[in-house]
Amino acid sequence: VLTLSLSAAAAWSPVPCEDGFAGEYPCEGLALLSVRSLEELGGGANGNDCWGWVDPESGREFVLYGRSNGLSIVDVTDPVNPDYLANVPTASVQSLWRDVKVFDNHAFIVSEAPAHGMQVVDLTEVTQVTDGPVELLPVAMYLGFGNAHNIVMNEASGHAYAVGTNTAGGGLHAIDVNEPTNPVIAGTFEASYTHDAQVVIYTGPDQDHAGQEVAFCFNEDHVAIVDVTDKTDMELISDVTYAQVEYTHQGWLSEDQTFLYFNDELDERTWGHGTRTYIADVSDLDNPVVLG
């Protein structure tokens, strides 16, 4: 990563994509607008995941950037001159992995660090920062689990789903966050370790499940489709398996909820083929079919 001094950062200008490169970075049709080093964004041993938030009052855009030792909040309204405004320190110790999602102008932060729990941060506080970075402290903590690999948010129901935690065998850990400063456990689903998931209110073609809250879980060696409408009694609808499985990593539904696109993290290494996206027909949730 190109490290910029503060004076150089202020003078940064876009770098066009020419002959397959924008500066030192390979590109295809996209200019490089700016670069900030890990050190400029709070440091730590590594960066990991990121999410976004738009302030509904001003329209300002922010990146929430996970690091081993905390979370950076960066104003990218002017993408050529991103402004690092706030740091949320880790709740316990440093960790390779941190994840964040947003609901109701609050950030919900988890980490694989032990005894970390879930931090809740009021993002509107950062809009008042004029001379950053400042330290931003959580307005609430949820300690129903210690470590978590990931957190999934269904904004339509106001529920967060921590996955890969030290509870429920690493399965779904549902939290009611409709009052962001008062997160409450809603239920757990223990079937197998969930690495990532997408949770939606189902509006797809399968009328048997219309209006249900459904989780599409990426569970290391398969995809699990789960009815999570009743958080106290979540039920498996079906499993999706496929050839040459190695580590079912993540995926996403098509807009009409007819197809599920998902990826395997390690199949290239094990089976020797190039990166591929699997496509499943989930128009019948009880009988999903991998198309290719």
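With 292 residues, a compact globule would have a radius of gyration near 19 Å, and the protein's 20 Å agrees with that (the radius is taken over C-alpha atoms, and the globule rule is 2.2 Å times the number of residues to the power 0.38). Keep in mind that this is a predicted model, where local features need pLDDT of at least 70, side-chain atom pairs count only at pLDDT 80 or more, and totals for chains, interfaces and linings use all residues. Residues are numbered from 1 along each chain as its sequence is written, and side-chain values use heavy atoms, with hydrogens and water left out.

Let's stay with the whole protein for a moment. Its C-alpha trace spans about 60 × 50 × 35 Å along the principal axes. You'll find two helices and 23 strands in it; these are DSSP runs, with helices (H or I) of at least four residues and strands (E) of at least two, numbered from the N terminus. As for what's tucked away, 51% of the 292 residues count as buried, meaning under 20% relative accessible area, while exposed is over 50% and partly exposed lies in between (1.4 Å probe, protein chains only).

Now zoom in on M141. This residue sits in strand β11, which covers residues 140–142. M141 counts as partly exposed because its relative accessibility is 38%. Leaving aside residues up to four places away in sequence, M141 touches A91, H116, M118 and Q119, where a contact means heavy atoms within 4.5 Å. Look also at P180: it is 39 residues from M141 along the chain, and their C-alpha atoms are separated by 9.9 Å.
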